[in-house]
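Hi everyone, thanks for coming.

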Amino acid sequence: MGIVYSSVIEAPRDELFAWHTRPGAFTRLSPPWQPLTLARESDSLKSGKAELRLPGGLPWVAQHDRDEYDPPHRFVDYSSALPMRLLVPWRHTHTFDALSEGSTRVTDHVDTLVPARFLRSTFVYRHRQLADDIARHQWASTLLPEPLTIAVTGSSGLVGSALTAFLSTGGHRVVRLVRHSPGSPDERLWNPFDPAGDLLDGVDAVIHLAGASIAGRFTDTHRRAIRGSRIEPTRRLAEAAAEGGAKVFVSASAIGYYGPQRGDAILDERSERGDGFLADVVAEWEEASKVAAEAGLRVVNVRTGIVQSPKGGVLRLQRPLFEAGLGGRLGTGTQWLSWIDIDDLVDVYHRALVDSELRGAVNAVAPNPVRNEEYTAVLASVLRRPAFVPVPDFGPKLLLGEQGARELALADQRVTPGRLLERDHCFRRPDLGTALRHQLGRFKTDVG
């Protein structure tokens, strides 16, 4: 039982081993469909331990074996906490064999009672993530003379947790701007409406992700929370970035800028803004960041589409329904859905940091938007379930109200990543089927 899985990564062995030693490696390699929660990441591949939580609060402790630590060739971890070490014995050997100066065979050898067929998708995912992340960092190294110090708001959210892990495994220092008492040297207390004068001392770049979720019924209270958590905090943080000496200010934004009902019109960054509450908020949100641009910083506004990850957003809500065979199109199903794989979104933020030619609005969407009925069909096919339960228009209206349904669930926006395509940006997963299979662990074929 267990599994041996290997693949060749186009990177030097030392570089690959070093990547695994950095904070965020476990997060980047953890399949998003698995019900594991990271409680504490290991601080050493030699003798540290990672603490995880399974459903029901069951602990899983991955202890690293000091005697088997042989950098940059090998490290080993094993399950050490009761009851899981008895129920599911697990010993994982990570091996790195240099094939040439710039090529390495990475092998995962797991001794366990779990059959290989239940583990294979996990290791397909891990090896693809590693190869893709390493390739992005190698590309960036041609543009950056040295690693950056990057301050990030919203670092614990769906996008923030993936992005900060990616950046730290690439050798950058991530400073988390938090609204609670800092718990480590890389956290700083951030008051969104009155940031401290030294908040961004020593910071090269700022990524601003924080903001109240737009999901929900569009009541007066909800609208105030959406607007209030974005406009003034962005302006204050942009001012702090300018005063603190940062060179780049990257702020989250949204394709809501284009308005909810644009039909078949192909929308890029040169398209006119639309109407509606979200279009107004996004316009003000982006305007607030111009304080930094006026001070000479390079400012990028990342207009994000519908993020695809089973850990959050729309896919997290739809997945259980589709797996139960209760999925179906929304409304007529003809409305356009402009989506993006979460790892491609991470890459967009990464590019915004390092590409000096990128500034202003950037559409963070895949190059192939789909209609809702196609999204439904692809998701059902990936999960191998029928999708015969359409949701009429009144369903979202009951849940979100008239305005919420119009601007969120039934929005019709055919957005393209014009600026990224002009920059010859390479998407990891430009088509929906490939993205969903990767994020849900439903691979057509294995590699390695």
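Let me start with a term: a cavity here is a set of grid points where a 1.4 Å probe fits but cannot get out, and its lining residues have an atom within 4 Å of a point. Please keep in mind that this is a predicted model.

So, which residues line the largest cavity? They are His20, Leu29, His94, Phe96, Val106, Asp108, Arg126, His127 and Leu130. Strand S6, strand S7 (103–112) and helix H4 each give two or more residues to that lining, and H4 has the largest share, with three. By class, we get four nonpolar, three polar and two charged residues. The space inside is about 60 Å³.

Now to an open site. The second largest pocket has a volume of about 880 Å³. Its lining has 34 residues, and the closest to the centre are Phe26, Leu36, Leu52, Trp90 and Arg126. You'll remember Arg126 from the cavity lining. Among the elements that supply at least two residues to the pocket lining are helix H1 (13–21), helix H2 (25–29), strand S6 (90–100) and helix H4 (120–141). The classes here come out as 20 nonpolar, 10 polar and four charged.

In soluble globular proteins, nonpolar side chains tend to be buried together. In our model, the largest nonpolar core has 50 residues, and Ile207, Val250 and Tyr349 touch the most other members. Several elements give it two or more residues, including strand S11 (205–208), strand S12 (248–254) and helix H10 (342–354). H10 provides the largest share, eight residues. What does Tyr349 contact, leaving aside its neighbours within four places in sequence? The answer is Val159, Leu163, Ile207, Leu209, Val250, Ala252, Val302 and Thr304. Apart from this core lies another, of 18 residues, with Val175, Leu200, Leu237 and Phe249 among them.

Last stop: helix H9, residues 313–323. Its buried residues are Leu315, Gln318, Arg319 and Phe322. These cover an arc of only 120° around the axis, so they sit on the same side of H9. On the other side, Arg316 and Leu317 are exposed. And what do the buried residues of H9 pack against? That would be strand S15 (306–308), helix H11 (372–383) and helix H14 (432–440). After H9 comes Gly325, with a positive phi near 80°.

That's my tour, and I'm happy to take questions.

Technical notes
Residues are numbered from 1 along each chain as its sequence is written. This is a predicted model: local features need pLDDT of at least 70, side-chain atom pairs count only at pLDDT 80 or more; totals for chains, interfaces and linings use all residues. Side-chain values use heavy atoms; hydrogens and water are left out. On a 1 Å grid over the protein atoms alone, a cavity is a set of points where a 1.4 Å probe fits but cannot get out, and a pocket is an open set with protein on both sides within 12 Å along at least five of seven lines; lining residues have an atom within 4 Å of a point. Grid points are joined across faces, edges and corners, and a volume is the space filled by probe spheres set on the points. Helices (H or I, at least four residues) and strands (E, at least two) are DSSP runs, numbered from the N terminus. Ala, Val, Leu, Ile, Met, Phe, Trp, Tyr, Cys and Pro count as nonpolar, Asp, Glu, Lys and Arg as charged, and the others, Gly among them, as polar. A nonpolar core is a set of buried Ala, Val, Leu, Ile, Met, Phe, Trp, Tyr and Cys residues joined through side-chain atoms within 4.5 Å. Buried means under 20% relative accessible area, exposed over 50%, partly exposed in between (1.4 Å probe, protein chains only). Contact means heavy atoms within 4.5 Å. The arc is that of the directions from the helix axis to the C-beta atoms.
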